[in-house]
Amino acid sequence: MNLVQLEEHFSKERMSSYKELAMQRGLEESQAVDLYRFNILMCEELYSLICCLEVCLRNKIHNKLTESFKTDNWFYCDCVKWGDKHSNDIENTANEIKKRKHVQEVRPDQMVCGLNFGFWCHVFDDCYENCLWTAGLNKIFPNYSGKPNRKHVARSLTSLLKIRNRIAHFEIIIKEEGELLGYYNKMVEVINWFSPEIYLWFKSFNNFEKLYTKLQNNDFNE
């Protein structure tokens with residue numbers, strides 16, 4: 001696949017960012033193809049890691065709040081005063097599941113899977129400090145260094161939500177090389193808050209670090 005073919009299928013506008021990046025890195029314009037391929041590979045590695053993080057996060061939240069509120073349907077507890085956006089997220093997710101599954105009642109485990117990453121990140125917002133954080137979310141990070149800090153957790157997850165959305169929208173992420181490593185390290189940090197064992201298992205087959213080194217060296221060989 002050459003540059004002209006990629007421009008035909010992916011648009012000249014999209015490929016212009018990669019041609020510009022090739023020039024910035026002292027490469028031939030034709031190597032925009034290599035950069036595009038590497039962007040896909042880096043997205044793949046980061047997205048798989050953040051998906052692992054998301055599943056761990058939502059399960060930890062659900063299990064702890066089920067324990068705290070003594071119901072696995074804690075989404076509807078009166079003591080949780082959801083903001084308008086979260087309230088709409090819960091209602092819309094439930095309606096979507098009912099329609100897709102052809103059911104009248106939605107099981108809590110279906111809600112856990114159906115709510116998006118943004119929902120789970122924002123349960124750590126200021127407005128939920130009393131009803132969610134002190135109710136149990138401050139206890140879901142057993143390997144957090146020191147006493148868990150809600151604001152730090154919220155900032156960390158918000159930054160990961162940002163890169164997750166950029167990947168999902170097929171943006172060029174390798175342009176900010178230093179930030180890319182920062183995002184990866186943040187994902188590693190958060191997963192280690194849950195379980196170092198999960199991180200070590202994931203690291204055994206994740207290729208981000210290897211690809212990042214190759215990117216730094218402009219080494220695009222297979």
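**Close-up views of a predicted model**

View 1. C51 counts as partly exposed, at 26% relative accessibility. The model shown in this and the following views is predicted. Zero disulfides are found in the structure. C51 takes part in no disulfide, and the nearest cysteine sulfur, belonging to C52, is 8.8 Å away. For C79, likewise in no disulfide, the nearest cysteine sulfur is that of C77, at 4.7 Å. A disulfide would require two cysteine sulfur atoms within 2.5 Å. C79 has a relative accessible area of 43% and is partly exposed.

**View 2. The packing of helix α1 against helix α2.** Helix α1 spans residues 3-10 and helix α2 spans residues 12-24. The two helices pack at an angle of about 135°, and their axes are 7 Å apart. This angle makes α1 oblique to α2. On the α1 side, the contact is formed by L3, L6, E7 and F10, which meet K12, R14, M15 and K19 of α2. Sorted by class, the residues of this contact are four nonpolar and four charged, with no polar residue.

**View 3. The packing of helix α9 against helix α10.** Helix α10 covers residues 196-203, and α9 covers residues 177-194. The axes of α9 and α10 lie 7 Å apart, and the helices pack at an angle of about 135°. With this angle, α9 is oblique to α10. The residues of α9 that meet α10 are Y184, V188, I191 and N192; their counterparts in α10 are P196, I198 and Y199. The contact of α9 with α10 comprises six nonpolar residues, one polar residue and no charged residues.

View 4. Across the whole structure, a search finds 19 aromatic pairs. In one of them, the rings of F124 and W133 have centres 6.1 Å apart and planes at 70°, so this pair is edge-to-face. F124 and W133 are both buried. In another pair, the ring centres of Y184 and F208 are 4.3 Å apart and the planes are at 15°, so the rings are stacked. Y184 belongs to helix α9 and F208 to helix α11 (residues 208-216), so this pair ties together parts that are 24 residues apart in sequence. Both members of the pair, Y184 and F208, are buried. One aromatic cluster is formed by W74, F75, W82, F119, W120 and Y128.

**View 5. The surroundings of V123.** V123 is located in the loop between α6 (117-122) and α7 (129-133). Its relative accessible area is 2%, so V123 is buried, the limit for that class being under 20%. Apart from neighbours within four places in sequence, V123 is in contact with I61, W82, H86, Y128, L132 and L137. The C-alpha atom of V123 is separated by 8.4 Å from that of A154, a residue 31 places away along the chain.

Conventions: Residues are numbered from 1 along each chain as its sequence is written. This is a predicted model: local features need pLDDT of at least 70, side-chain atom pairs count only at pLDDT 80 or more; totals for chains, interfaces and linings use all residues. Side-chain values use heavy atoms; hydrogens and water are left out. Axes are lines fitted to C-alpha atoms, for helices over the stretch in contact, and angles run from 0 to 180 degrees between N-to-C directions. Helices (H or I, at least four residues) and strands (E, at least two) are DSSP runs, numbered from the N terminus. Angles under 35 degrees count as roughly parallel, over 145 as roughly antiparallel, 65 to 115 as roughly perpendicular and the rest as oblique. Contact means heavy atoms within 4.5 Å. Ala, Val, Leu, Ile, Met, Phe, Trp, Tyr, Cys and Pro count as nonpolar, Asp, Glu, Lys and Arg as charged, and the others, Gly among them, as polar. Buried means under 20% relative accessible area, exposed over 50%, partly exposed in between (1.4 Å probe, protein chains only). Rings of Phe, Tyr and Trp (its six-membered ring) pair if their centres lie within 6.5 Å; planes under 30 degrees apart count as stacked, over 60 as edge-to-face and the rest as tilted.
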